[in-house]
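Here is a friendly note to read with the model open beside you. Please take the points in order and find each residue as you go.

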Amino acid sequence: MSTTATSRAPAKTKFGGTLYRGREGMWSWVAHRITGVLTFFFLFAHVLDTALVRVSPESYDTVIATYKNPFVNLMEIGLVGAVLYHALNGLRIVAVDFWSRGPRLQRQMLWLIVAVWVLVMVPGAFFMFKHSFEVLFGSK
Amino acid sequence: MTSSPELAPTIIAPRTPQRRTRGRTNTELYAWLFMRVSGILLVVLVLGHLLIMNILDGGVQRINFGFVAGRWASPFWQVWDLLMLWLAQIHGTNGLRTIINDYTRKDQTRFWLKMALYTASALVIALGTLVIFTFDPNIN
């Protein structure tokens, strides 16, 4: 057993000693699975809707109109957020696996990717929702 | 794993060398490596795709049949989309395979879920590839 694991006194909680508390490492893994599954199911639908270009321009344009609806637009922002997290955390996993200092810096790297995620999502969500906002609140 | 209730399940000591019980191949190693290599490529392919389709120059509002025809007139975007389709679908299928292996309890359930997964994946890859290669801008 490593010394770092025993240096901290175990937290006192009402739970027994068997509940795994993996902190950031565990929750980033949980989020990676959830965002991955979400993206997989979207990809399935997305290949099918794009395949309509092989049917007729009208049927493709009809299904693409769904994406332009403000509510669906909001879900797209959620999807972009999920994919972006999965991409950034995936790079973190690669760093943990292949970079000699990766495992020791895994927690710092998680907060780094969270910061990058916020920095990208704020302008990203703004530009993605701009048109829907104008449709909903007047000027278009 | 069968779910026979055991009062004292034996827990193997950590870092016990793994003994190979069946098979002499390194499939799981290659799958692990593929997730990392394809993941890095997908960061570029998918985030580039999301940026172009959802954020730049009006985002999703400008997408229609003509927009797709304009993009697929260029072999560059055909190759981009084809690579993205194959890599994302295989990456996602392997991810879901891992999740099925983790959470199913019965061998039968595991087997049939994987069969459904592989069937769906093969269909999506085949359909997407067919659409990219046989796309006709003058379909009407």
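The numbered points below go from confidence, to one chain, to the contact between chains, and then to single residues.

1. **How to read the model.** This is a predicted model, in which local features need pLDDT of at least 70 and side-chain atom pairs count only at pLDDT 80 or more, while totals for chains, interfaces and linings use all residues. Residues are numbered from 1 along each chain as its sequence is written, and chains are lettered from A and ligands numbered from 1 in the order in which they are written.

2. **Confidence in chain A.** The score to look at is pLDDT, the predictor's confidence in each residue, from 0 to 100. Chain A has a mean pLDDT of 87, and 87% of its residues reach 70 or more. Within chain A, helix α4 has the highest confidence, at 95, and helix α1 (residues 3–7) has the lowest, at a mean of 49. Over residues 1–6 of chain A, pLDDT stays under 50, and the model has 1 contact beyond four places in sequence for them. Where pLDDT is low, the predicted coordinates should not be read in detail.

3. **The make-up of chain A.** How many helices and strands does chain A have? There are 5 helices and 0 strands, in the order α-α-α-α-α from the N terminus. Helices (H or I, at least four residues) and strands (E, at least two) are DSSP runs, numbered from the N terminus. Of the 140 residues in chain A, 18% are buried. A residue is buried if 20 or more other C-beta atoms lie within 10 Å of its own, exposed if 12 or fewer, and partly exposed in between, with C-beta atoms placed from the backbone. Among contacts in chain A with a separation of 6 or more, 70% join residues 24 or more positions apart; two residues are in contact if their C-beta atoms, placed from the backbone, lie within 7 Å.

4. **Two helices inside chain A.** Two packed helices are described by the angle between their axes and the distance between the axes. In chain A, α2 (residues 23–50) and α4 (residues 70–98) pack at about 125°, with axes 9 Å apart. Axes are lines fitted to C-alpha atoms, for helices over the stretch in contact, and angles run from 0 to 180 degrees between N-to-C directions. The pair α2(A) and α4(A) is therefore oblique: angles under 35 degrees count as roughly parallel, over 145 as roughly antiparallel, 65 to 115 as roughly perpendicular and the rest as oblique. Residues that meet here include A:Ala31 and A:Phe42 in α2(A), and A:Leu79 and A:His86 in α4(A). By class, this contact of α2(A) with α4(A) has 7 nonpolar, 7 polar and no charged residues. Ala, Val, Leu, Ile, Met, Phe, Trp, Tyr, Cys and Pro count as nonpolar, Asp, Glu, Lys and Arg as charged, and the others, Gly among them, as polar.

5. **Where the chains meet.** The contact takes 31 residues from chain A and 32 residues from chain B. Which element gives the largest share of the side of chain B that touches chain A? That is α1(B), with 9 residues. By class, this side of chain B has 20 nonpolar, 11 polar and 1 charged residues.

6. Among the residues making the contact are A:Val83 and A:Leu91 of α4(A), and B:Ile40 and B:Val43 of α1(B). The contact of α4(A) with α1(B) has 10 nonpolar, 3 polar and 3 charged residues.

7. **A closer look at B:Val43.** B:Val43 sits in helix α1 (residues 27–55) of chain B. Is B:Val43 buried, partly exposed or exposed? B:Val43 counts as partly exposed because it has 18 C-beta neighbours inside 10 Å. Leaving aside neighbours within four places in sequence, B:Val43 is in contact with A:Ala87, A:Gly90 and A:Leu91.

8. A:Arg23, in helix α2 of chain A, has a positive phi near 50° and is not a glycine. A:Arg23 is exposed, with 9 other C-beta atoms within 10 Å. B:Asp57, also not a glycine, has a positive phi of about 55° and lies in the loop between α1 and α2 of chain B. B:Asp57 is exposed because 8 other C-beta atoms lie within 10 Å.
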